[in-house]
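Hi,

Here is the structure I promised to pass on. Have a look at it first, and then read on for what turned up.

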Amino acid sequence: MLKVTKVMCEYRENPVGIDSAAPRFSWQLKGEGRNIMQTGYRIQVYEDGGSFECPVWDTGKVECSCSVHVEYKGPALKSGMRYYYRVMVWDNKGNKSDWSETAYWEMGLLSPSEWRAKWIAKKEIDGEQGYLPSPMLRREFEVRGKVKKARIYASALGLYFLELNGRRVSDWYFTPGWTNYNRRIQYQTMDVTDLLKEGKNAAGAVLGDGWLSGDLAWGNASKTYGKRIALLFQMHIYYEDGTEDIVVSDRSWRASEGPILMSQIYHGEQYDARLEKDGWSKPGYDDSDWTGVEILDHTMDTLVAQENDPVMIADILKPVALIKTPSGDTVIDMGQNMVGWVRFSVRGARGTKVTLKHAEVLDRDGNFYTANLRNAKQTIEYTLKGTGDETYEPHFTFQGFRYVKVEEYPGELSLDNFTGVVLHSGLEVTGSFECSNPLVNQLQHNILWGQKGNFLEVPTDCPQRDERLGWTGDAQVFIRTACFNMNVATFFSKWLKDLKSDQLENGGIPHVIPNVLGKDGHSSAAWADASTICPWTIYLCYGDKRVLEQQYDSMKAWVEYVRAQGSNEFLWNTGLHFGDWLGLDAKENSYVGATAKDFIATAFYAYSTGILKQTAEVLGYDADAKEYAALYDKIIENFQREFVTPNGRLASPTQTAHVLALMFDLVKPEDRQRVADTLAELIHESKDHLTTGFVGTPYLCLVLSRYGLNDLAYKLMLNEDYPSWLYPITKGATTIWEHWDGIKEDGSFWSPDMNSFNHYAYGSIGDWLYRVVCGIDTNKDEPGYRHIHIRPQPGPGLSYARASLKSMYGEIKSGWEDCGDVLKISITIPANTTASVVLPAAQLDDVFEWGVSLDKAEGVLSCSQSEKSVHLELGSGDYLFTYVK
Ligand code: BGC
């Protein structure tokens with residue numbers, strides 16, 4: 001039985017409102033037995049109203065093994081049209097599948113001229129200053145008959161949510177998302193067929209300042225992108241009788257202030273329930289005391305369809321404890337450092353208040369600690385209307401917290417009335433890692449929660465203090481781990497478009513994307529290199545060539561920017577750099593580690609140029625491929641002349657320098673083992689502990705394992721004393737900390753000016769857990785795990801480890817168990833992929849697969865022996881290998 005499952009269009013099941021002219025289809029195969037490969041496929045597409053009998057596109061049988069990112073090549077797609085499609089496949093065993101379940105995708109509004117709506121805003125009142133209440137906008141409209149389908153296309157300058165006839169339209173938050181609003185702004189498409197009724201209807205919108213005009217960055221700069229917040233709304237109602245009505249935002253809308261008195265990303269929300277306007281988004285509401293609206297002159301040319309899934313509620317947490325602190329505060333413990341908000345219920349007299357403050361940690365005495373939030377207030381103030389049970393959650397703000405201080409609350413406080421609502425961009429969890437050490441399992445948990453908390457619209461450094469920005473360096477450092485834990489392909493391809501749109505004319509890359517720090521802060525090595533590393537990583541992990549096409553000019557402009565710096569085009573020794581940020585070998589009172597900045601800069605210059613060269617090869621840009629291959633060689637040559645002695649010693653005697661030289665292949669092959677051994681010595685000198693910062697840490701264990709020092713990598717990862725990955729866990733961490741010693745041995749804190757307890761950068765060790773401990777890797781020549789490398793590397797201190805990854809082809813698994821003399825390795829390879837497997841410390845004749853020798857095992861396509869390992873080529877299937885070590 002051969003089946004087609006998980007049929008997707010542009011990474012999503014049944015997406016509504018996309019604007020790709022050639023959407024890509026992906027699907028998975030399921031069948032019986034091993035070594036299933038697709039030999040052909042057929043796709044049929046029909047337009048809404050039609051049928052598969054008369055498809056608009058039918059590929060016929062295509063002899064091809066491709067099942068991921070197969071491009072639509074039919075007639076031009078129509079705006080607003082829904083297309084239904086199905087897929088059939090053939091395999092290498094002579095089977096033909098049935099048609100898949102019918103799936104669909106729907107196009108958004110494809111051209112600016114189709115926007116009939118206007119940007120509308122509440123009228124400005126002279127002299128208005130400070131935080132303003134959130135405007136509410138409404139209008140009524142008539143539905144003339146039986147509705148066949150209805151869609152809203154909407155966006156906002158600022159943030160918005162919609163209601164129709166008293167019901168919230170979507171379960172999305174923080175729409176239209178965060179982009180550089182002056183260059184590109186996303187719109188969302190919503191299917192509202194079921195929310196309309198014949199006769200009178202009403203539409204309502206509430207707007208928030210959000211990133212557009214609210215406080216942003218540590219200077220509390222506001223109005224970053226503009227000072228007016230506005231709505232864009234266009235609803236198409238299609239009737240059964242073939243006619244259509246369009247309801248748009250225009251002068252007919254009414255505006256008012258409502259209960260949201262203040263809502264700021266960093267500071268929280270003030271909400272006065274007494275000011276609620278009951279029934280405001282239902283027909284028949286009396287809006288005679290509302291005012292008219294103003295039309296803003298803002299372009300439609302920058303509108304783009306939402307590309308990734310918007311922010312949604314991802315988890316609900318129940319509090320674990322109610323604490324009375326030594327200084328007398330009442331504090332709720334959510335048990336997890338989380339990002340989102342608190343939903344609460346309350347009963348009390350009209351005008352009484354609930355005030356909540358949010359913090360990540362308690363101090364060493366057990367008191368509520370907020371100094372590390374700097375200027376972010378993270379405070380919720382709710383005023384009761386006094387009509388019975390009231391339930392509230394905020395709207396245009398989010399908090400990074402584990403502890404909630406309840407400053408005011410009428411009546412008895414019961415934990416049952418409080419819930420932690422976890423929010424992040426809609427992302428599918430794709431990876432899992434588990435091993436015999438509970439602290440390491442907690443580490444994996446913390447890495448995942450760091451990702452949840454910081455993947456809210458853009459990849460941020462931290463989610464709590466007055467920062468929460470798309471720091472490029474942090475994103476670059478963490479992206480490979482992120483690709484294991486969750487499917488982040490569309491999240492990053494959207495963010496990379498933001499990066500491209502904010503790139504400076506000279507090719508420089510701002511420190512944060514979207515750039516809110518002005519045009520002077522840009523182009524630090526290892527930060528700006530996100531422009532090459534991130535697209536390349538998405539290509540490797542998802543086989544997504546389009547992201548390379550999309551970013552190519554940006555990648556090239558970045559490399560050319562670096563090339564133009566200083567007097568030697570092959571070295572990079574000028575400019576501002578963050579260096580090995582937070583490295584422990586930094587001078588007293590400095591955040592910058594000891595590794596020479598020009599060493600790091602030139603190393604990343606080489607790395608980025610190498611990526612650009614490979615990208616040009618993938619895209620078939622032959623002249624560029626040649627050009628950048630030559631540039632790459634020159635940089636390596638100059639790097640060696642400048643930073644490596646003739647005998648292969650590095651000029652910068654730090655762990656990070658050695659890590660980079662090895663990771664990026666910067667020293668001659670014959671010198672590499674020496675550099676690795678010196679790295680080991682440097683680590684021994686630090687009593688087998690790391691000293692690396694943001695730049696060196698992600699690669700540290702990877703290079704140790706690569707150069708025969710796997711045991712030392714295990715030692716570093718399993719250290720429990722400072723500085724190490726597990727030290728924070730011994731101090732109760734539930735997310736990754738910014739500093740190795742955010743909380744010191746004696747319980748005191750690192751200084752409050754930079755002490756985030758939810759900073760994912762050091763969570764980049766996740767890459768090593770998946771890629772080395774369990775050994776799951778892709779092959780850059782057949783990316784997206786079309787050809788899989790499985791090379792588990794067990795080490796001292798763990799008796800088993802297992803990992804899984806839901807790749808585009810299906811789930812990959814790799815796990816091992818050390819049973820003393822015997823090693824068991826279990827592997828799952830999805831259909832339509834193959835794998836090269838290395839079984840460590842194995843001899844061909846000793847290895848059995850479910851009790852069968854390798855030459856007889858189904859799916860084992862070939863096997864060979866190297867000095868210490870057995871090499872296998874596997875087709876799809878579940879395998880269990882057992883052998884005496
Ligand atoms: C951020 C970092 C970032 C750094 C740049 C900090 O404020 O939190 O994670 O990469 O600045 O050095």
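How many nonpolar, polar and charged residues does the shell around the ligand have? Keep in mind that this is a predicted model. The shell comes out at 6 nonpolar, 1 polar and 5 charged residues.

If you want to pick them out on screen, the residues around the ligand are Asp461, Arg465, Glu467, Trp471, Asp474, Trp527, Phe578, Trp581, Phe694, Glu738, Met754 and His759.

Some of these come with polar distances worth noting. An N or O atom in the Asp474 side chain is 2.5 Å from a ligand oxygen. For Arg465, a side-chain N or O atom is 2.7 Å from an oxygen atom of the ligand. Asp461 also has a polar side-chain atom 2.8 Å from a ligand oxygen. As for how covered the ligand is, it exposes 310 Å² when taken alone, and the protein buries 96% of that.

Now to the aromatic side chains. One aromatic cluster is formed by Trp218, Trp471, Trp527, Phe578, Trp581, Tyr591, Phe694, Trp725, Trp740 and Tyr762.

Counting ring pairs whose centres lie within 6.5 Å, the model has 65 aromatic pairs. I looked at a couple of them. Tyr409 and Phe418 have ring centres 5.5 Å apart and planes at 45°, so this pair is tilted. Tyr409 and Phe418 are both buried.

The other pair is Phe455 with Phe491. Here the ring centres are 4.6 Å apart and the planes are at 10°, so the pair is stacked; the cut-off for stacked is under 30 degrees. Phe455 belongs to strand S35 (residues 455-456) and Phe491 to helix H4 (residues 489-502), so the pair ties together parts that are 36 residues apart in sequence. Phe455 is buried, at 1% relative accessible area, and Phe491 counts as buried too, at 0%.

Finally, two charges over rings. Lys149 has its charged end over the ring of Tyr238, 4.9 Å from the ring's centre. Arg468 lies over the face of Phe398, with 4.9 Å to the ring centre.

Cheers

Technical notes:
Residues are numbered from 1 along each chain as its sequence is written. This is a predicted model: local features need pLDDT of at least 70, side-chain atom pairs count only at pLDDT 80 or more; totals for chains, interfaces and linings use all residues. Side-chain values use heavy atoms; hydrogens and water are left out. Rings of Phe, Tyr and Trp (its six-membered ring) pair if their centres lie within 6.5 Å; planes under 30 degrees apart count as stacked, over 60 as edge-to-face and the rest as tilted. Buried means under 20% relative accessible area, exposed over 50%, partly exposed in between (1.4 Å probe, protein chains only). Helices (H or I, at least four residues) and strands (E, at least two) are DSSP runs, numbered from the N terminus. A charge sits over a ring if NZ of Lys or CZ of Arg is within 6 Å of the ring centre and within 35 degrees of the ring normal. A residue is near a molecule or strand if one of its heavy atoms lies within 4 Å of it. A polar contact is a pair of N or O atoms within 3.5 Å; within protein, one must be able to donate a hydrogen and the other to accept it, and residues adjacent in sequence count only if both atoms are side-chain atoms. Accessible areas come from the Shrake-Rupley method with a 1.4 Å probe; for residues, only the protein chains shown count as cover. Ala, Val, Leu, Ile, Met, Phe, Trp, Tyr, Cys and Pro count as nonpolar, Asp, Glu, Lys and Arg as charged, and the others, Gly among them, as polar.
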